[in-house]
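Dear colleague,

I am handing over the structure below, together with some notes on what was found in it. Please read the notes with the model open beside you.

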Amino acid sequence: MLDLYTFQTSNGQRAAIMLEECALPFRVHRVDLTKGEQRQEAFLRLNPAGMIPVLVDSDGPGGAPLAIAQSGAILLYLAEKAGRLLPADPRARAEALQWLFFAVTDCAGASGAVYYHSAVVPEKSPANVQWYEERLIAHLRVADAQLAGRDALAGEYSVADVALFPIVALRRKLVERAGGMPNLARWLDAVGQRPAVVRGLAAGN
Ligand SMILES: N[C@@H](CCC(=O)N[C@@H](CS)C(=O)NCC(=O)O)C(=O)O
């Protein structure tokens, strides 16, 4: 059995979408970040960092249970477990990994910083929010250029698309305001219509 500890954030959605894409049955455990449930002892035993998402596979490698954090690592674990969304060919695989890390490091970092500077840091500064928004947009313009004439970031639809989608969906208004990213907009609409993506976004509501 697979158990996903998550909340409605783009990092949590990424893991839920991947589970749906892999057609692996899973149970959702909602960890309410607004109530500090990520700092409860039982959850910290799964992830001492006190962050969602966490995936627990009762039938992990060697038949032993495995608890794994970091949405990017969860995507790769599931891709290998299900044999889905990660090309076997070394060149195609390297390309998919490049765009996966682009999503979970560059883009997720900038998008997270937009959130922290808008809502969390002790001294709010609109200029700092704008700076991180522009940094995120600069990354997304790279994705837009990559998607010209393509339906997926790296060859076929892969972990890379699953990783980037929740960020672009969350920042849709910012992307529209910035303008000039027609390929990214087309990709967002197409990926957003995938049944597994629709189900993954709804998981944990
Ligand atoms: N790099 C991690 C980031 C995980 C993360 O930032 N989780 C946030 C929610 S999106 C969290 O649990 N925050 C709780 C807290 O900071 O107390 C990943 O990709 O999984």
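Which residues surround the ligand? This is a predicted model, in which local features need pLDDT of at least 70 and side-chain atom pairs count only at pLDDT 80 or more, while totals for chains, interfaces and linings use all residues. Residues are numbered from 1 along each chain as its sequence is written.

The ligand is surrounded by Thr9, Asn11, Leu33, Gln38, Gly50, Met51, Ile52, Pro53, Gln70, Ser71, Gly72 and Val104, where a residue is near a molecule if its C-beta atom, placed from the backbone, lies within 6 Å of it. By class, this shell holds five nonpolar, seven polar and no charged residues; Ala, Val, Leu, Ile, Met, Phe, Trp, Tyr, Cys and Pro count as nonpolar, Asp, Glu, Lys and Arg as charged, and the others, Gly among them, as polar.

The domain assignment gives domain 1 (2–85) and domain 2 (90–196), with bounds that come from an automatic or database assignment. Their C-alpha centres lie 21 Å apart, and the contact takes 14 residues from domain 1 and 14 residues from domain 2, contact being defined by C-beta atoms, placed from the backbone, within 7 Å. On the side of domain 1 that touches domain 2, helix 1 gives the most, with eight residues, and the residues of that side divide into six nonpolar, five polar and three charged. Helices here are DSSP runs (H or I, at least four residues), as are strands (E, at least two), numbered from the N terminus.

The largest nonpolar core has 51 residues, of which Ala103, Ala160 and Leu164 touch the most other members. Such a core is a set of buried Ala, Val, Leu, Ile, Met, Phe, Trp, Tyr and Cys residues joined through C-beta atoms within 7 Å, and buried means that 20 or more other C-beta atoms, placed from the backbone, lie within 10 Å of the residue's own. The largest share of this core, 10 residues, comes from helix 4, and the core draws at least three residues from each of domain 1 and domain 2. Not counting residues up to four places away in sequence, Ala103 touches Ala108, Ala160, Ala163, Leu164 and Ile167.

Finally, helix 4 has a kink of about 35° centred on Ala108, the bend being the angle between axes fitted to the seven residues ending there and the seven starting there. The buried residues of helix 4 include Ala103, Val104 and Ala108, and what covers its buried residues includes helix 1, helix 3, helix 5 and helix 6.

With best wishes

Technical notes: A residue is buried if 20 or more other C-beta atoms lie within 10 Å of its own, exposed if 12 or fewer, and partly exposed in between; C-beta atoms are placed from the backbone. Two residues are in contact if their C-beta atoms, placed from the backbone, lie within 7 Å.
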